[in-house]
Structure formats: structure tokens, C-alpha cells
Amino acid sequence: MSIINFSKVASVYEKTALVQKSASEVLLDLLSIKNGDDVLDVGCGPGNVSMEIAKMTKGRVVGIDVAPGMIEEACRRGTASGNITFAVRDAADFEFISEFDVIFSNSAFQWFRDPDVVIKRCFNALKLGGRMGIQAPATRNFCSNFVAAEEKIRSSPVTSGVFSDYRSPWLFLEKAEDYARLFERNGFRVSYSQIVQEETLYSVDKAFRIYQSGAENGYLNQDYYQVLLSSDYVEMFRELFRESLSEQAREDGMVPIVFNRIYLVAHK
Ligand SMILES: C[S@@+](CC[C@H](N)C(=O)[O-])C[C@H]1O[C@@H](n2cnc3c(N)ncnc32)[C@H](O)[C@@H]1O
């Protein structure tokens with residue numbers, strides 16, 4: 001079992017994606033979706049937030065995601081609600097023209113290889129006067145706990161060889177203005193752009209599940225290594241990662257998990 005990706009974790013994603021969920025609520029507040037708004041959810045995963053959005057509007061809600069497993073899971077539980085559809089699409093390769101009042105993208109932007117292309121597609125997909133909001137982990141130190149665990153894996157003799165071949169897939173910019181500039185150079189007017197540091201206490205088990213819901217799909221994904229990953233490597237990586245989280249726990253066993261997150265709202 002050396003291939004890890006979002007399709008594989010689709011059925012358990014919602015239970016483990018605790019930090020993505022709480023961040024999505026902040027983004028929804030910032031976007032204040034109105035009844036009647038047509039909404040596109042880019043990188044919707046299994047559609048858990050898209051379904052919340054479909055309760056806020058009688059307009060059309062469309063969720064797109066590049067991972068077929070995520071869309072299968074979303075369709076399995078979501079399409080009954082009438083105003084919602086899901087489709088497998090790459091955020092860099094979809095074609096909607098002036099169709100949406102709102103574009104929502106939660107915890108997905110860091111995965112976009114060519115953000116300019118994605119932002120242009122989103123600009124075209126919005127109606128005039130429409131708005132787009134993103135939330136994503138930001139800065140090289142996006143989660144200090146995960147970065148510390150990564151350091152342990154980089155220096156351990158059992159994982160250092162293979163891990164030296166790992167190339168991070170993530171886009172992390174250091175400043176809120178850097179994110180704003182990306183949107184502005186693609187035609188948007190940015191009304192809000194802030195990097196916020198959020199700290200929440202979790203047990204080691206929960207912290208590990210949080211890691212598995214998102215970051216593991218980068219760290220242990222064959223696409224980001226040239227050497228072939230073995231199940232031994234995956235097992236050792238997970239063991240060291242969990243060990244590092246345990247070392248970061250306070251006396252009461254809880255780990256303060258710290259994320260830097262960008263919240264941005266932009267207008268067409
Ligand atoms: C951490 S999940 C977030 C899911 C959901 N938005 C949420 O808030 O729970 C990131 C999602 O982005 C999707 N993704 C990554 N790259 C993508 C791309 N280029 N186009 C569309 N979706 C993408 C992944 O497949 C995954 O489902």
C-alpha cells in the first residue's frame with residue numbers, strides 16, 4: 001500500500017478533516033453567500049462543504065475536484081439535494097463562462113500547480129460583480145508541527161535516503177500581499193487578504209488523523225518522488241511522524257497544532 005492520494009482517502013476524509021472544516025466556516029462567513037447565488041466549489045473533495053453551501057442558496061451549486069474517488073464519494077451522498085452537481089475536473093482545466101456569483105475554494109489552493117491558470121479560469125467563470133474566496137495553508141512554516149515532523153524524517157537514517165528524493169507539491173507564499181498580487185494580476189480586485197495563525201489542541205491520535213486528511217497526500221504520494229515508494233517506507237514515515245507529534249505533546253497529552261492560513265476574498 002505505497003500509493004497515497006486523495007481518491008484513496010475519500011471515504012474517511014470528512015471524519016478526519018477537522019481543521020479544513022473549521023477554516024471553511026471562517027471562509028463562508030467572509031463570503032456571505034445569499035439565497036439565489038450560483039456557487040462553484042473548486043477542489044470540493046467529497047462535497048461536505050458544497051452540501052452546506054447548497055443549504056444556503058436555492059441557486060445552482062457545482063463542486064469540482066481532480067480526484068475521481070472524491071467525486072464518486074460526493075455523488076454517492078450529495079446529488080439528492082436537487083440544486084447540486086459534482087464533476088471530475090482539474091482546477092486548471094475547466095470551462096465555465098460568466099456562470100457563478102461566488103467561487104469558493106477551501107484547503108485546495110496549495111495544491112494548484114499553476115495558480116495563474118486556475119485564477120484566470122475562475123475569473124472567467126464568475127459573473128460580473130461576482131466574488132471568489134480562498135482559504136489555504138500558507139508560508140513555508142504552514143504547520144510548525146508538520147514541519148518539525150518532516151525534519152525528524154529528513155534526519156532519520158531509515159527515511160532520509162528516500163525522503164531526499166521528495167519534492168513538495170505545495171504552493172506556499174510568505175505574505176498576504178503575495179496572494180493578493182496573484183489575484184490582482186489576473187483581473188481581480190482584492191477586498192480581504194490576511195494570513196492568520198490558528199492554534200488548536202488535539203490528542204496525538206487526532207493530530208495524526210488531521211495530518212492524514214491532507215498533508216499525507218503530499219508527503220507519501222508516489223507522484224512527488226522519482227524513486228519507487230515501498231510499504232516499509234510508508235510505515236516508517238508514519239511511525240516517525242506520529243513519534244514527532246507525541247514529542248510535541250504537552251504534559252496533559254494534548255498537542256497544540258498551529259497552522260498559518262491565508263484567507264482571501266476577491267471581486268470581478
Ligand atoms: C484538503 S482537500 C479539501 C477538500 C474540501 N474543499 C474541504 O474543504 O474539505 C483538497 C482537495 O483539492 C483537490 N485538488 C487538488 N488539486 C486539484 C486540482 N488541480 N483541481 C481540482 N481539485 C484539486 C484534491 O483532490 C482534494 O480533494
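Begin by selecting helix 6, which gives the most to the lining of the second largest pocket, with four residues; helices here are DSSP runs (H or I, at least four residues), numbered from the N terminus. The model is predicted, so to speak of local features needs pLDDT of at least 70 and side-chain atom pairs count only at pLDDT 80 or more, while totals for chains, interfaces and linings use all residues. Residues are numbered from 1 along each chain as its sequence is written, and side-chain values use heavy atoms, with hydrogens and water left out.

Next, select R140, F142, V147, E150, E151, R154, Y166, S168, W170, F172 and Y219, which line this second largest pocket. By class, the lining has six nonpolar, one polar and four charged residues (Ala, Val, Leu, Ile, Met, Phe, Trp, Tyr, Cys and Pro count as nonpolar, Asp, Glu, Lys and Arg as charged, and the others, Gly among them, as polar).

To see the contact (heavy atoms within 4.5 Å), select N145, F146, A148, A149, K152 and I153 of helix 6 together with F237, L240, F241, E243, S244, L245 and E247 of helix 11. This contact has eight nonpolar, two polar and three charged residues.

Finally, move to helix 1 (residues 6-16) and helix 4 (residues 68-78), whose axes come within 6 Å and cross at roughly 35 degrees.

Key
Helix = DSSP H or I, 4+ residues; strand = E, 2+ residues; numbered from the N terminus. 1 Å grid on protein atoms, 1.4 Å probe; cavity = no way out; pocket = protein on both sides within 12 Å on 5 of 7 lines; lining within 4 Å. Axes fitted to C-alpha atoms, helices over the stretch in contact; angles between N-to-C directions.
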